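Open the model in your viewer and keep the selection tool at hand.

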Amino acid sequence: MSEALANLLNETRQFPPPAALAAQANVTADAYDEAGADRLAFWERQAGRLAWARPWDEVLDWSNPPFAKWFVGGQLNVAYNCLDRHVEAGNGDRVAIHWEGEPGDTRTLTYADLHRLTCQAANALTDLGVVAGDRVAIYLPMIPEAAVAMLACARIGATHSVVFGGFSADALSNRISDASAKVVITADGGYRRGKPSALKPTVDEAVANCPSIEHVLVVRRTGEEVAWSAKDHWWHEAVEAASAEHVAQPFDAEHPLFILYTSGTTARPKGILHTTGGYLTQAAWTAHAVFDLKPETDVYWCTADIGWVTGHSYIVYGPLANGATQVMYEGTPDTPHKGRFWEIVDKYKVSILYTAPTLIRTMMKWGDDIPAGFDLSSLRLLGSVGEPINPEAWMWYRQHVGRGELPIVDTWWQTETGAIMISPLPGVTATKPGSAMTPLPGVVADVVDDQGQSVPNGGGGYLVLREPWPSMLRTIWGDDNRFIETYWSRFEGMYFAGDGAKKDDDGHIWLLGRVDDVMLVSGHNISTTEVESALVSHPSVAEAAVVGATDPTTGQAIVAFAIPRGTTDISGEAGERLITELRNHVAKTLGPIAKPRQIMLVPELPKTRSGKIMRRLLRDVAENRSLGDVTTLQDSSVMELISSGLSGGKSDED
Ligand code: WT7
């Protein structure tokens, strides 16, 4: 029988944790033993890191799978855990957020400031008639009010639904309607690429189709003129007028905390529902364990947008539950110059940086001299999330950002998992570039074949989770059947993540991309990730995307799009020579079966706003034209097609 997914890439480099970090690490190897001995007792201890108003009666109720209940009967308030308890412990003066606006304006918010603002916002929402169980949509730029709005909802038991500020009016109104949100919190706009970028007109357009919306709260950020209607209220008026006194009421551990829509590949977006106690337990513990967060000394920075789950779990809930100090940045990495990220690291003395492979590859493309121009000596730990990180991008990150010595945690998780699931522990794991390594303590992941059988080391297949975990999604909002269908039906009794993966000879896990993207070439299932990594391992390639295009002889053929590094000459014959060299390089690295039929050198790749390559679009490009011996993608209609996926910044990714 053929393998579910071929294992082609062989990476042998390995980096032990720095001794000094290991000696002081928040979490040691004992955690694996403890969780292995008694998984539920392990999670129970992590829940004990939070403040509960009423203890739980039972750790896990899994009597009605796949509908889990964690910390049954327990009660707590998420905002109390993220704010009040730090202020009560005497840490009100600690900086919670160093905020940097794109134009260079700054704000510093201590835990006491954030607490006061959240109490006022909670009172303002209550005055607008929002009660526990109501849904509130949040459509904001990366400003502190985004965190305040989320925490204020959590404080009063309203379920927030954050919609990424780059989404269209249609996408926003679909999400508002699906959840019947009563209030939307937005801003006049935010700053992007050096200019104000309006949000309020998009909300006006969306709200016109959303009868459930009773009020719109508008933060003034850019000061640009906005249209005004009877439903609109200025945030600064409502919040400033509200009392700063607010006593947080506890909510049930399974009270709905937030809905976050995820689009998957083609279908209508799914409202992923997360609840209170289990979610906060795992978000808080993973921030402590994986980032080795030391609230007294670290300055942490996660570059994600609050509109994605990474912003929920690792800007708002995880770091704040730990009482951490963090940086929040409003804008884009190349405004006003390509060194902006490194300038921010330098300015705030960031010690822990959590970013995405797409960003790392972009930085690689821009050139090594850019990070070299800043003092990055404050950094002590690096993280990656969102996609498989190619080994060469990992090495670049370690070399040029991490001084060739910092540990990198490649963290695998999903909107659905709520928190990190597979990752090195920085004080324990000897990392391999490109591998997420091992499931965290308390997480039971596996790679299985078509029949749901665990594959041996060296084998490839489908990533599954065999046991429930505290921060797991509870359902798809309003659609239990779709929840069962999508995640729990492919393999009996297992959560199917939709990702391909392999185990290497040591049993370490390598993510191989979405299974929908796997290419079937002459009967072999080949991962897009492995071919992309082989391309990126060539010194002339900064970034690559690979798709399977229908082919009369092989079923599918591998078509690759590659972005050359900064100074590479790709004109005329030099371009042709590079393409031949790259095809041979892939064949040499992975074997002849993985040799691309075609490689196109392109200046950009179409990506979603969260940085994932839009392979569907590239597949269209690869299939809809007679490619012949075209070597570079200069044809303007193709470029238009590619850029239509990139353009305007207002396209939904569904
Ligand atoms: C999908 C989930 C997790 C927060 C941001 C994305 C891919 C995520 C990794 C990683 C390989 C990864 C997977 C996953 N992914 N992290 N470290 N290595 N792939 O959340 O939008 O729900 O996407 O992102 O394909 O299923 P999301």
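Start with helix H4 and helix H6: select Val78, Ala79, Tyr80, Cys82, Leu83 and Asp84 in H4, which meet Leu151, Ala154 and Arg155 in H6. Contact here means heavy atoms within 4.5 Å. Helices (H or I, at least four residues) and strands (E, at least two) are DSSP runs, numbered from the N terminus.

By class, this contact has 7 nonpolar, no polar and 2 charged residues. Ala, Val, Leu, Ile, Met, Phe, Trp, Tyr, Cys and Pro count as nonpolar, Asp, Glu, Lys and Arg as charged, and the others, Gly among them, as polar.

The model is predicted: local features need pLDDT of at least 70, side-chain atom pairs count only at pLDDT 80 or more, and totals for chains, interfaces and linings use all residues. Residues are numbered from 1 along each chain as its sequence is written, and side-chain values use heavy atoms, with hydrogens and water left out.

Next, show all of H4 (residues 78–91) and H6 (residues 144–156): their axes come within 7 Å and cross at roughly 120°. H4 is therefore oblique to H6. Axes are lines fitted to C-alpha atoms, for helices over the stretch in contact, and angles run from 0 to 180 degrees between N-to-C directions. Angles under 35 degrees count as roughly parallel, over 145 as roughly antiparallel, 65 to 115 as roughly perpendicular and the rest as oblique.

Now select the open sheet of 7 strands, in the order E5-E4-E17-E16-E18-E19-E20, with mixed pairing. Two strands pair if DSSP finds at least two bridges between them. E5 (106–110) and E20 (408–410) stand at the edges with a single partner strand each, so one side of each has no neighbour in the sheet.
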